Amino acid sequence: MNDWFARRGAELELVLKSADPHVVKGAEMVKHWWGPADPAKGQQEIEVEEEMKIIKGGIQSDTPELTTVRVNAIVEKIQFDVESFEVKAGKKVKLTFVNPDFMPHNLVITKPGAADAVAAAAIALGADGFKKQFLPESDDILYATKLLEKGQIEDLDFAAPSEAGDYPFICTFPGHATIMRGVMTVR
Ligand SMILES: [Cu+2]
């Protein structure tokens, strides 16, 4: 176990001790799926993906005017299927987030270096979390989808930040951001 996982594991233990049942439930699910994937689940995953006609995530099209990107939640993994993608500063972006998973997920793009603070603020919402889609009031959040249930899709239309940098995207459902994250690189 490397340091990164050791740290994330310690954070997860903290969340599991939370007094809020929703938060604990989310963290338990993460813990449950943390281990190696169960081969028996493979078939189920494929069926769901076929049902939703899952298109692989990543850049879908790129013209001088618009970059389209798709990100899927991976079924039973608490992960996005895109670790990183690149966009041009100031250019129009259409990001399509697709959730074929049984758990609710969102996709939140934050300012560089702010992912952990935003994730912590989402957990701190406690019992209000669901009502607020686990979106804390924070200047560090640039763009965010709602909390999507299984089978839901949401587009985020925005102009890429004018400042180059690595902009993290995370799911702020309690416990998920430790592993459910990626990077939008602006160049
Ligand atoms: Cu999630």
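Is Lys-91 buried or exposed? At 14% relative accessibility, Lys-91 counts as buried, where buried means under 20% relative accessible area, exposed over 50%, and partly exposed in between (1.4 Å probe, protein chains only). The model is predicted: local features need pLDDT of at least 70, side-chain atom pairs count only at pLDDT 80 or more, and totals for chains, interfaces and linings use all residues. Residues are numbered from 1 along each chain as its sequence is written, and side-chain values use heavy atoms, with hydrogens and water left out.

**Surroundings of Lys-91**

- Lys-91 sits in the loop between strand 4 (84-87) and strand 5 (92-99); strands (E, at least two residues) and helices (H or I, at least four) are DSSP runs, numbered from the N terminus.
- Leaving aside residues up to four places away in sequence, Lys-91 touches residues including Asp-62, Thr-63, Pro-64 and Phe-158, a contact being heavy atoms within 4.5 Å.
- A polar atom of the Lys-91 side chain lies 2.7 Å from the backbone oxygen of Thr-63.

**Salt bridges**

- The structure holds 6 salt bridges, each defined as a side-chain nitrogen of Lys or Arg within 4 Å of a carboxyl oxygen of Asp or Glu.
- One of them joins the side chains of Lys-91 and Asp-62 (2.8 Å, N to O). Asp-62 belongs to strand 1 (residues 58-62) and Lys-91 to the loop between strand 4 and strand 5, so the pair ties together parts that are 29 residues apart in sequence. Asp-62 counts as exposed, at 52% relative accessibility.
- Asp-157 and Lys-94 meet through their side chains in a salt bridge (3.0 Å, N to O). Because Asp-157 lies in strand 8 (residues 152-159) and Lys-94 in strand 5, this pair ties together parts that are 63 residues apart in sequence. Asp-157 is exposed, with a relative accessible area of 52%, whereas Lys-94 is partly exposed at 27%.
- A network of salt bridges links Lys-94, Asp-155 and Asp-157.
- In the salt bridge of Arg-181 with Asp-116, the closest N and O atoms are 2.6 Å apart.

**Copper site**

- His-105 (ND1), Cys-171 (SG) and His-176 (ND1) coordinate the copper ion at 2.0 to 2.1 Å; donors are N, O and S atoms within 2.8 Å of the metal (3.2 Å for Na, K and Ca), and water is not among the atoms, so sites may look incomplete.
- The donor residues of the copper ion follow the sequence spacing H-x65-C-x4-H.
- His-105 is buried at 0% relative accessibility, and Cys-171 is likewise buried at 0%.

Methods
Polar contact = N/O pair within 3.5 Å; in protein donor to acceptor, adjacent residues only side chain to side chain.
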